[in-house]
Structures are given as structure tokens and as C-alpha cells.
Amino acid sequence: MAEPAGLLPGDPRARLAMALILAFGFAAVGQVGTVPALLALALILALVAGQPARLLRGLRGPLVLAAAFVLILPLVSGATVLWQAGPLRLRAEGLEAGLLIAGRLLAIVTVTLTLLATLPAHRLAAALRGLGSPALLADLLLLTLRYLDEVRGEILRARLARRLRGGGAGWRDLPGHGAMLALALIRSQRRAENIWAAMRLRGHAAGLAVPPPPLGASDRAGIAVAAGLAGLLLLMDRVA
Amino acid sequence: MRALLQTVGLAVAWPGQPPVLSGLDLALGPGERVGLVGPNGSGKSTLLLSLAGVLPAAAGAVHLGGAPVRAGVFNPAVGLVFQHAEDQLFCPTLADDVAFGPRNLGLAGAALEARVAEALTVCGLSELGERPVHRLSGGEKRRACIAGVLAMRPRLMLLDEPSAALDLRSRRRLIRLLAGLDQTLMVASHDLDLILELCPRVILIDAGRIRADGPAREILGDAALMAAHGQEVPPALARSRVAGWPRERAIAGGAA
């Protein structure tokens, strides 16, 4: 089972399905008037999950990106000037687009973090398989996550080793950094190959595991609620 | 006694390279513990990977329990403990990692939990099941790898440098753990004292060929043979020889 998260379904397949349905629903919203409902829905879901601290940590980066959209787009896009101060012109179309993009981005990231951040990578991969996606895709996801982790570790160690032996940390030593990166990639590939071998040796993808049980009533209800909410949002969006 | 593991004329080569191993004939009986020694690059790890079915044989064959070991085909009867624990631990918690293999064998529910608990207990890790694997110590990681393999109840366990980078206490604990296992073991290591303590039989390989195969004390104690293949007589054997000298000679040597 996944790590408990408030009232959310425990089955990773249900959570993944909910996240996909809501993310596609949010992405299809086209009216800025629907954005408050979008954000409110994402916020309610996050509160139901009961992990605000984890969520806030994960939202730091997207918040910066969303703020950039809201601040920059009104200055560079659109024709209707709302306010002017010297060369700076605040345009209505840009503001609307910025708010819409930022709202959709924050809502999608919030539901994704809420529903999936507590799932370990291998459970997420298993959920993907359980929902019928090709095994290769699920394995690629799993190994990519592990591989990126390895690359990051290798680069950090190589950077420390360089620094301890007097290597420059700035961008003036680009060839040195390039060589370090190449070496890290080669080492990480070898490590990833070993991990893949270790997984295969312990029966991964051998097709012997018990197939996952059917989704429970609460899991199915969770998916139905997500689909209903996404449909409602889209209806509001069309009416607005 | 019928052999559990048998190789006949085994040769292994990496693509586009000359064979790393060639003409290997060996047999291991059920429950036997065999040490695999040899210099760096002699082919120890390659042999273990080939026996486990990770690397295909360029020539010859590997049989386990009379059935051929085919490269790339899952075979739960053989377990490989990698040289680097990080290569083997890929799940978030120790219990998750140990459960990975049995789950792939079709176990679920109480049977799966019991299998995990059993493996953790044998390896002295029963209190650490929920600990993230990256927060285990070096010795714990090594035992976690063994637990993950043991949970699949293999008949043959292959261990690549199991004592590398372990402190004395962890190494001692590892030796006790391995000595208590019922499985057939093949242990590749440069830790010759560990081999001497754990394995009654030793296979010495060098440049991809078996150079000696026999009782551990005879092979590891043969200074000329060991030197010819870049090895040294392990300290424990060297010490026992000095202690076994005639008393007069030892005293005279000491007085001189």
C-alpha cells in the first residue's frame, strides 16, 4: 500500500488515474474565470490529503515559475493597455494569459504532488503497469528516476573530489566540468546496468508476480469523484 | 554426490573482446562453501555473473541442479550478491527491498510478510525493516543485500567481495551469518582470512582460467603457488605456521 495520505485512496493505480483525470481536466480549462474554482479544488484536495508541509516544499519551484508568468506576460503580450508608467505597459490579454497559465500550473502541480508525491517510484511504475501501460514504459520510468539519482550523486562526488584537489568550481574550467560530467554519465550507466541486472535476478519482469487485485470500492469512488469534478470544471468553463 | 552446479568448458567474453574466462570446468556439491580467489581482473566477478545467468556463455554451459542456466532467464534457484551494495538496493525501505524478490515469485499477503520477516531475522535486521535503505550503515547494507537474496530461498548463493569496506565487527557478523546458511555458497574475495574461515574449498583463478582447486589450507598456504598468481599466504595461515615451528627453532630465532 502507499503511504497513508488522509482520505485519499490507498491504491496507487487509483491515485494515478485520479491525478491524470484531474490534470487533463485542469489543462483543458480555457477561461480565467474558472481559475479560482480550479485552485480551490486543488487546495481542498491537498487539505483532504493532510500533508501541507510536504506540499509547500514541492510548490516552491512552481510558485516561482507561476509568478514569472504573471509578472512577465502582462508586460509583453496583448494590445489592451490597462495601466502605463513610462515604458512599462500592463496589458489585459497578457494578464489574463498569465493568470490562466499560472493557475493551471499550480493546480496541476498541487494535485500531482498531493496524489503521487507519497508514492515510491517502484509503486508508481507498478501502478502504470496496473493501468495497462506497456511494461517497457513503466521500467523506463523506474530506471530513469534511479539513473538520475545516480548521475546526481556521481556529479556531487566528482565535484567534491575536484575541489579537494584544488579544481576550480567556476565556469572558467568548462573542459574540466565537461569531462567530469561525461565520466559521471558513464559511471552512472554502469551502475544503472547493474541495478537492472539485480532487479532481473530477483524476478523483475519475469511475469510471476501475483496480478494486482481489482480496485476496491473506495478507489473506484475516488476515480469517479475525480472524473465528476473534472467534468464539472469543464462545464463551468464552457458556460463562463 | 551429484553436483548442484556444474560448468563444462565455460568461456565468457564481452562483445568484441577476447574471452575473459575460458575452458572452465568446475562442480559444486549441495551445501558446499567454495572460495573464489585470484588477482584483480582475473575473472572472478565475470564468473559469478555468468553463473547467475547475467552474462551469456561464449562457449560451454552452466548447469544448476541438472538444468541449464540460460542467460537473461529468471532463475530463482541462484542468488547473486553484488560487490557494491548500492547496485542491489533500489527500494525505499529495507522491508520493501527484501520483499521485491518474493513478490516477483508470486508471494503476497501474510506469506510475503512471513518470508520477509524470516530473511530479516536471519540477517539480524528485524528491527530495521522500515528504515530507508540509504540510511543503513555499510554492514547493514551488505546484510540487507543478503537478506534480499535469501528471501527468495535460492539453492546457490554467489557473493562478490562480501566483506569489502566492512569494519571488523561488521565483517565478523557477516562471517557468522554466512557460516550459518544452508545454501551452497561461492564467495569471491580478496579477504583470504574470510575465505579460510568460511570455505573448506578454494578455487584460484588467474587470467580467466582455473589454476588450482582444492582444500583451502593447502592452496592458500602454498606460498609459491600464491606468489605465482599475485597472491600472498593469508596472515592467519602465516601466523599458524610460525606458531607451529619447532620450539627450539622458534626460541633460537627469537633469541637471535
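Which residue of chain B forms a salt bridge with A:R202? The partner is B:D97, and the closest N and O atoms of the two are 3.2 Å apart. A salt bridge here is a side-chain nitrogen of Lys or Arg within 4 Å of a carboxyl oxygen of Asp or Glu, and the count between chain A and chain B is 1.

A word on the ground rules: this is a predicted model, in which local features need pLDDT of at least 70 and side-chain atom pairs count only at pLDDT 80 or more, while totals for chains, interfaces and linings use all residues. Residues are numbered from 1 along each chain as its sequence is written, chains are lettered from A in the order in which they are written, and side-chain values use heavy atoms, leaving out hydrogens and water.

Now for the interface as a whole. Contact (heavy atoms within 4.5 Å) links 19 residues of chain A with 26 residues of chain B. About 2000 Å² is buried between the two chains, and carbon and sulfur atoms give 60% of that area. Buried area is the accessible area (1.4 Å probe) lost by two parts on being put together, summed over both.

| Class | Residues of chain A |
|---|---|
| Nonpolar (Ala, Val, Leu, Ile, Met, Phe, Trp, Tyr, Cys, Pro) | 10 residues |
| Polar (the others, Gly among them) | 4 residues |
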